[in-house]
Structure formats: C-alpha cells, structure tokens
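Take a moment to look at the chain from end to end. Then follow the text from one part to the next.

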Amino acid sequence: MAGVPGSHSGWTFVTNHARVLAAIADDPNVRVRDVAAHCRLTERAVQRIISDLEQDGHLSHTRDGRGNTYRIEPDKVLRHPAEAGLSVASLLSLLVQDETARGGRPEE
C-alpha cells in the first residue's frame, strides 16, 4: 500500500465504504490497521465498514494465520438506484491504481 495521504478537510467525492473497498482491492491481505491509516479512519470504523460490505455480499474473508485474506465480489452491483447496473469492478477500475501507474506519478 502506498504512503498515507495527507490531511484533508471538507467534502469528498468518494465514500468511506468505497475507500475501504479500494484499499482491500489494492492488497487483499491488508491489515485493518493499515486500511484505517490510509483512509484516515479509526480501526473500529474500518471494521464496521468491512462488516457492512460482507453482510451485503460485496466482500468475504478467510483467516490466514493471524490475518485475513479478503475476496471482493466484482460482479456484485452497486446499491444505489442511481448506479443501477454498475458493478463493483466498474467502481474499482476508477479507484484502484495499478502498481506501474502509481510508481510513475508523483505523490499529491
């Protein structure tokens, strides 16, 4: 996972649920602590978001030693009627940068 983003105030375009999902898509073995730091959330908030995503079938996990390995359901459709027909994969294609693109751009 890349460095922690700088501080921010005010509104944003992306929800915390989308941020957490993108962080997990970027690294399926990521720790809750690292997601929390990256998304600027508490660990408890990340745990609640993961629980929400699992309850709706967007995400599942398996224990891997002391950690978790997450699996995203890319064909699951987004919840809001305004995004009817759009899949999780479509959302993630906008939010997750591949390693080559990330390395080639300066940090903002």
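A pocket, as the word is used here, is an open set of grid points with protein on both sides within 12 Å along at least five of seven lines. Its volume is the space filled by probe spheres set on the points. Keep that in mind; a pocket comes up later. Note also that this is a predicted model.

Start with the overall plan. The protein chain has five helices and two strands. From the N terminus on, the order is α-α-α-β-β-α-α. The chain has 108 residues, and 25% of them count as buried. Now consider contacts between residues at least 6 apart in sequence. Of these, 44% join residues at least 24 apart.

Which of its residues are buried? They are A18, V20, L21, A22, A23 and I24. Helix 2 and helix 3 are among them. So are strand 1 (59-64), strand 2 (67-72) and helix 4.

Two packed helices are described by the angle between their axes and the distance between the axes.

Now turn to helix 3. The axes of helix 1 and helix 3 come within 10 Å and cross at roughly 85°. These two helices are therefore roughly perpendicular to each other. On the helix 1 side, the meeting residues are N16, H17, V20, L21 and I24. On the helix 3 side, they are V46, I49, I50, D52 and L53. What classes do the residues of this contact belong to? Seven are nonpolar, two are polar and one is charged.

Next comes the pocket. The second largest pocket holds about 520 Å³ of space. Its lining is made of 20 residues. T15, H17, A18, L78 and L91 lie nearest the centre of this pocket. Helix 1, helix 3 and helix 4 each supply at least two residues of the lining. The largest share, five residues, comes from helix 4. By class, the lining divides into 11 nonpolar, five polar and four charged residues.

Now visit the loops. N29 lies in the loop between helix 1 and helix 2. Its relative accessible area is 45%, so N29 is partly exposed. Set aside the neighbours within four places in sequence, and N29 is in contact with D64, N68 and T69. N29 and T62 are 33 residues apart in sequence. In space, their C-alpha atoms are 10.0 Å apart.

R40 sits in the loop between helix 2 (32-39) and helix 3 (43-55). Its phi is near 60°. That is a positive value in a residue other than glycine. Its relative accessibility is 49%, so R40 counts as partly exposed.

Move on to the loop between helix 3 and strand 1, where H58 is found. Is H58 buried or exposed? H58 is buried, because its relative accessible area is 7% and buried means under 20%. Leave aside the neighbours within four places in sequence, and H58 is in contact with L53, R71, I72, E73, K76, V77, R79 and V88.

End with D75, in the loop between strand 2 and helix 4. D75 has a relative accessible area of 68%, so it is exposed. How far apart are the C-alpha atoms of D75 and H58? They are separated by 8.8 Å, although the two residues are 17 apart along the chain.

Notes:
Residues numbered from 1 in each chain as written. Predicted model: local features only at pLDDT ≥ 70, side-chain atom pairs only at ≥ 80, totals over all residues. Heavy atoms only, no water. Helix = DSSP H or I, 4+ residues; strand = E, 2+ residues; numbered from the N terminus. Buried < 20%, exposed > 50% of the residue type's maximum accessible area, 1.4 Å probe, protein only. 1 Å grid on protein atoms, 1.4 Å probe; cavity = no way out; pocket = protein on both sides within 12 Å on 5 of 7 lines; lining within 4 Å. Nonpolar A, V, L, I, M, F, W, Y, C, P; charged D, E, K, R; others polar. Contact = heavy atoms within 4.5 Å. Axes fitted to C-alpha atoms, helices over the stretch in contact; angles between N-to-C directions. Parallel < 35°, antiparallel > 145°, perpendicular 65-115°, else oblique.
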